[in-house]
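Here's a quick briefing to keep beside the model while you click around.

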Amino acid sequence: MSHKVFIDGEAGTTGLQIRERLEKRPEIELIRLSDDRRKDTEARREALNAADAVILCLPDEAAKEAVALIENPDVAVIDASTAHRVAEGWAYGFPEMTEDQRDLIRAAKRISNPGCHATGFIALTRPLVELGVLPPFFPMVATSLTGYSGGGKAMIAEFESGQGRERIYATGLTHKHLPEMQLYAGLETAPIFSPTVANFAQGLIVEVPLHLWALPDAPDLPTIYNILSAHYAGEPFVRVASPEETAAATSINGDSLRDTNQLLIHVFGQEDGDTANLVAVFDNLGKGASGAAVQNLNLVLGLEETAGLL
Ligand SMILES: NC(=O)C1=CN([C@@H]2O[C@H](COP(=O)(O)OP(=O)(O)OC[C@H]3O[C@@H](n4cnc5c(N)ncnc54)[C@H](OP(=O)(O)O)[C@@H]3O)[C@@H](O)[C@H]2O)C=CC1
Ligand SMILES: CC(=O)N[C@@H](CCC(=O)OP(=O)(O)O)C(=O)O
């Protein structure tokens with residue numbers, strides 16, 4: 001049986017990578033609009049209502065408009081934008097987050113694809129909050145190093161023209177991923193979050209440093225490792241590096257998982273030390289966007305979760 005899928009925003013950075021992952025799959029029939037019709041409201045309305053699933057790879061306002069154009073109750077929507085990440089009635093598209101999240105996604109008609117930075121932060125913290133090792137009131141700090149494709153077509157053009165400069169941004173401490181980071185990590189306050197965009201195309205490293213001594217029960221490093229490693233055991237796309245692998249990783253390149261849907265976690269620190277640095281490495285356009293969207297699509301269409309993904 002073939003499944004009709006429409007990617008609204010197919011010509012953009014995220015959309016293009018989703019198309020590349022889907023067009024090789026015989027069980028998926030892509031509904032496509034010609035270049036002169038891809039922003040035409042009536043053409044989009046028709047495509048949005050004719051699909052079994054649609055993936056929105058649009059700016060927030062256009063994503064909201066697309067959802068409003070859908071009248072067919074059978075259409076499943078996966079929104080890659082920030083528009084619905086903490087909205088009522090939308091399932092958060094991070095299947096590995098908790099035990100029941102995968103089933104929530106399978107049953108949902110409205111799925112929000114997580115933000116790239118948020119994916120790393122939540123992956124590192126939610127299992128610890130869930131088990132009470134990280135209390136919800138704990139003041140958190142996170143940084144991120146992202147490839148420039150995270151800024152879409154405009155930022156790609158800036159860096160590829162040679163004009164792009166590495167920089168910290170979101171300096172007002174109001175990054176658009178803060179609400180989803182707080183909500184889905186299970187925290188009472190948002191983290192202080194400082195991202196850096198660097199001169200490589202695709203990849204992301206999120207870091208969450210922790211003073212273990214300041215946590216209520218002062219857990220040691222092996223406790224943190226064991227919780228994360230048990231939480232992600234058996235996951236096809238999220239892996240916690242063994243202590244030996246982490247000890248050997250004296251530096252990490254931002255683009256080391258480029259073109260995959262993998263997310264690799266390191267728990268850095270000394271076994272008997274009282275500080276830790278939790279690190280998540282992945283592709284901002286893989287597990288941080290397009291790969292994650294395809295994983296969610298597979299779930300919502302009842303297909304093999306790993307189909308078409310590395
Ligand atoms: N890049 C990334 O790493 C990530 C991006 N996202 C999110 O995914 C969404 C898309 O981002 P990204 O792919 O980077 O952005 P791009 O700017 O690369 O692509 C956006 C696409 O949407 C098209 N578009 C804009 N308005 C409309 C409209 N009204 N109707 C139809 N098409 C429209 C644009 O057309 P045109 O080509 O004419 O400009 C463009 O092709 C955003 O919400 C972004 O926040 C999420 C996670 C990661
Ligand atoms: C380099 C850069 O600008 N990156 C974007 C994140 C892209 C992304 O994942 O966020 P959305 O899905 O929420 O758009 C940013 O930090 O705002």
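Ligand 1 has 26 residues around it, and Gly12, Thr14, Ser81, Gly152 and Ala289 come nearest; a residue counts as near if its C-beta atom, placed from the backbone, lies within 6 Å of the molecule or strand in question. This is a predicted model, so keep in mind that local features need pLDDT of at least 70, side-chain atom pairs count only at pLDDT 80 or more, and totals for chains, interfaces and linings use all residues. Residues are numbered from 1 along each chain as its sequence is written, while chains are lettered from A and ligands numbered from 1 in the order in which they are written.

**The two ligand shells**

- Helix H1 (13–22), helix H3 (60–69) and helix H6 (152–160) are the elements that give two or more residues to the shell around ligand 1.
- H1 gives the most to that shell, with three residues. Helices (H or I, at least four residues) and strands (E, at least two) are DSSP runs, numbered from the N terminus.
- By class, the ligand 1 shell has nine nonpolar, 13 polar and four charged residues. Here Ala, Val, Leu, Ile, Met, Phe, Trp, Tyr, Cys and Pro count as nonpolar, Asp, Glu, Lys and Arg as charged, and the others, Gly among them, as polar.
- Ligand 2 is surrounded by 13 residues, with Thr82, Gly115, Cys116, Gly150 and Gly151 the closest.
- The ligand 2 shell splits into five nonpolar, seven polar and one charged.

**Cys116**

- The unreviewed UniProt entry annotates Cys116 as "active site"; UniProt positions are given in the numbering used here, feature names are shortened, and annotations may be inferred rather than shown by experiment.
- You'll find Cys116 in helix H5 (residues 116–130).
- Is Cys116 buried or exposed? Cys116 is buried, because 26 other C-beta atoms lie within 10 Å. The cut-offs are 20 or more such atoms for buried, 12 or fewer for exposed and partly exposed in between, with C-beta atoms placed from the backbone and counted within 10 Å of the residue's own.
- Leaving out residues up to four places away in sequence, Cys116 touches Thr146, Gly150, Leu204, Asn284, Gly288 and Ala289. Contact means that two C-beta atoms, placed from the backbone, lie within 7 Å.

**Enclosed elements**

- Eleven of the eleven residues of helix H10 (residues 290–300) are buried, so H10 is largely enclosed by the rest of the structure.
- H10 is followed by Gly302, whose phi is positive, near 75 degrees.
- Strand S1 (residues 3–8) is also largely enclosed by the rest of the structure, because five of its six residues are buried.

**Strand pairing**

- S1 pairs with strand S2 (residues 28–31) in the parallel sense over four bridges, and His3 stands opposite Ile28 in S2. To count as paired, two strands need at least two bridges found by DSSP.
- Seven strands form an open sheet with mixed pairing, in the order S8-S9-S7-S10-S13-S12-S11.
- Its edge strands are strand S8 (167–168) and strand S11 (238–240), each of which pairs on one side only.
- Strand S7 (residues 141–147) and strand S9 (residues 192–198) pair in the parallel sense over seven bridges, with Ala142 opposite Phe193 in S9.

**The whole protein**

- The protein has ten helices and 13 strands.
- Buried residues make up 45% of its 310 residues.
- Among contacts between residues at least 6 apart in sequence, 72% join residues at least 24 apart.
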